[in-house]
Amino acid sequence: MSDKRIQSPLSDEEKREVWGEWAEKEDQHLQEVEQRWGDSDAYRQTARRVAAYGKHEWEQINAGNAEIEARIRDLMDADADPLGAAAMDVAEAQRAHVSRWFYDMSHEFHVLKSQLYVDDPRYRAGIEDNTRPGAAEWLRAAIAANAARAATTSPESGS
């Protein structure tokens with residue numbers, strides 16, 4: 001386990017304002033995160049970043065996440081193909097959002113993490129509560145397609 005625990009400088013009241021129900025189970029969630037990923041570079045990077053975030057940053061994080069969820073919902077409502085460009089673009093937006101605010105997320109790790117959206121009921125609820133049922137599988141497919149697109153357009157691939 002890591003020596004550096006993820007800690008926010010927010011007051012309990014601010015946490016409730018910006019995290020909602022998640023704030024009530026903060027210790028439980030952080031303990032699980034630490035057990036699962038505490039020895040990783042992503043965990044250490046997240047701990048460093050989160051330690052500096054005040055209410056304003058969390059409001060920006062939440063607004064960015066809500067925008068991504070709205071895009072997913074709109075695409076699904078329009079019956080967009082999860083393997084299409086628009087779906088890949090929203091998958092890339094999600095990856096970039098995590099990279100911007102928490103840790104540098106590779107496409108490969110994004111694909112691995114997307115399996116949690118399908119397999120873990122809490123992750124599924126985190127995606128589907130603000131989008132619609134089936135979003136976990138839809139997003140997993142979009143993330144895999146986006147990773148494949150990135151692999152064919154990266155400088156290493158010769159494209």
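A salt bridge is a side-chain nitrogen of Lys or Arg within 4 Å of a carboxyl oxygen of Asp or Glu. In the predicted model shown above, local features need pLDDT of at least 70 and side-chain atom pairs count only at pLDDT 80 or more, while totals for chains, interfaces and linings use all residues. Residues are numbered from 1 along each chain as its sequence is written, and side-chain values use heavy atoms, with hydrogens and water left out.

The structure holds nine salt bridges. One of them joins the side chains of Asp-120 and Arg-122, at 2.8 Å from N to O. Asp-120 counts as buried, with 9% relative accessibility, whereas Arg-122, at 43%, is partly exposed; buried means under 20% relative accessible area, exposed over 50%, and partly exposed in between (1.4 Å probe, protein chains only).

Glu-17 and Lys-55 meet through their side chains at 2.4 Å, N to O. Glu-17 belongs to helix H1 and Lys-55 to helix H4, 38 residues apart; helices (H or I, at least four residues) are DSSP runs numbered from the N terminus. A further salt bridge, at 2.9 Å from N to O, is formed by the side chains of Asp-89 and Arg-149. Because Asp-89 lies in helix H5 and Arg-149 in helix H8 (residues 135-153), this pair ties together parts that are 60 residues apart in sequence.

The next topic is the nonpolar interior. In soluble globular proteins, nonpolar side chains tend to be buried together. A nonpolar core is a set of buried Ala, Val, Leu, Ile, Met, Phe, Trp, Tyr and Cys residues joined through side-chain atoms within 4.5 Å. The largest such core here has 17 residues, and those with the most contacts inside it include Trp-19, Trp-58 and Phe-102. Two or more residues come from each of H1, H3, H4 and H5, and H3 gives the most, with three. Beyond its neighbours within four places in sequence, Trp-58 is in contact (heavy atoms within 4.5 Å) with residues including Ser-8, Val-50 and Phe-102. A second, separate core of 16 residues includes Leu-75, Val-90, Ala-91 and Ala-136.
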